[in-house]
Amino acid sequence: MSTREEETQPLVRQKISRPQRGAEWYEGVFLVVNATLGAGLLNFPQAYDQAGGIFTASVLLGIILVFVVGALLILANCSDLNFSSTYQDVVFGLCGKRCQQICSITIAIYLFGACITFLVVIGDQFDRVLSSLYGTDFCHYWYMERRFTLPAAAVVFIFPLCFSKRIDFLKYPSALGVVSVLYLVYLVVHQYYNIEHRNAMIKTS
């Protein structure tokens with residue numbers, strides 16, 4: 001097989017079968033919201049403060065949003081032109097096999113880093129919950145230490161989600177994640193208007 005023919009061959013050969021029905025638009029919203037916000041949502045307050053206040057940070061986010069929406073529209077258009085169902089297929093159809101390989105490696109590295117980030121966040125939340133329930137001495141018990149709680153949470157809650165063959169299965173835990181985000185936003189607003197804060201300054205511009 002020539003080099004040119006190898007460049008046009010996909011990484012994984014798939015059997016020709018009846019196309020499967022994808023997720024509904026509202027299910028895709030849950031997946032995109034969780035993938036876009038991610039653990040970075042927890043750092044929004046500090047990011048807004050360091051950016052110069054609510055107004056300045058909102059303007060910067062608005063500018064970034066324009067580029068993000070434009071990139072998504074371009075990606076959707078390229079997907080329609082090549083009848084692609086995954087990001088790797090889009091890259092393969094436009095740039096060839098070599099770029100597809102580089103893209104796959106890059107995505108794998110990014111996801112590995114994202115998984116580490118989420119595991120660290122999960123461990124931090126376990127520590128805060130256990131500290132509020134059992135006091136600061138909770139770490140003296142082996143079953144409350146992060147060395148136990150983090151692997152246990154990974155095996156019980158995360159590992160079973162890895163067996164799905166299709167990513168749209170994650171629409172169920174993603175919906176729960178969106179509800180959690182909305183609850184967090186409600187909690188911040190409730191705390192601001194109903195609890196008296198002393199010596200607190202909020203940057204607005």
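**Burial, exposure and helix geometry**

Biologist: Why is T149 called buried?

Modeller: In this predicted model, T149 has a relative accessibility of 8%. The cut-off for buried is under 20%, and 8% falls under it, so T149 counts as buried.

Biologist: Where does T149 lie, and which residues is T149 in contact with, leaving aside neighbours within four places in sequence?

Modeller: T149 belongs to helix 7, which covers residues 146-158. Beyond those sequence neighbours, T149 is in contact with F126, L130, Y143 and M144. Contact here requires heavy atoms within 4.5 Å.

Biologist: Why does F83 count as exposed?

Modeller: The relative accessibility of F83 is 78%. Exposed means over 50%; 78% is over that limit, and therefore F83 counts as exposed.

Biologist: Where does F83 lie, and what phi does F83 take?

Modeller: F83 is in the loop between helix 4 (54-82) and helix 5 (87-95). Just after helix 4, F83 adopts a positive phi of about 55 degrees, although F83 is not a glycine.

Biologist: Which residues of helix 4 are buried, and what do they pack against?

Modeller: The buried residues of helix 4 are A57, C78 and S79. The buried residues of this helix pack against helix 3 (44-51) and helix 5.

Biologist: What makes up the nonpolar surface patch of about 620 Å²?

Modeller: L61, I64, L65, V68, V69, L72 and L73 form this patch. One of them, L65, lies in helix 4. On helical spacing in general, an α-helix has 3.6 residues a turn, so residues three or four places apart point the same way.

Biologist: How many helices and strands does the protein have, and what percentage of its 205 residues count as buried?

Modeller: There are eight helices and zero strands. Of the 205 residues, 14% count as buried. The accessible surface of the protein comes to about 16,500 Å², with 67% of this belonging to carbon and sulfur atoms. Among contacts between residues at least 6 apart in sequence, 58% join residues at least 24 apart.

Conventions: Residues numbered from 1 in each chain as written. Predicted model: local features only at pLDDT ≥ 70, side-chain atom pairs only at ≥ 80, totals over all residues. Heavy atoms only, no water. Helix = DSSP H or I, 4+ residues; strand = E, 2+ residues; numbered from the N terminus. Buried < 20%, exposed > 50% of the residue type's maximum accessible area, 1.4 Å probe, protein only. Patch = residues over 30% accessible without salt bridge, like charges linked within 9 Å, V, L, I, M, F, W, Y side chains within 5 Å. Areas by Shrake-Rupley, 256 points an atom, 1.4 Å probe, with all protein chains shown as cover. Salt bridge = Lys/Arg side-chain N within 4 Å of Asp/Glu carboxyl O.
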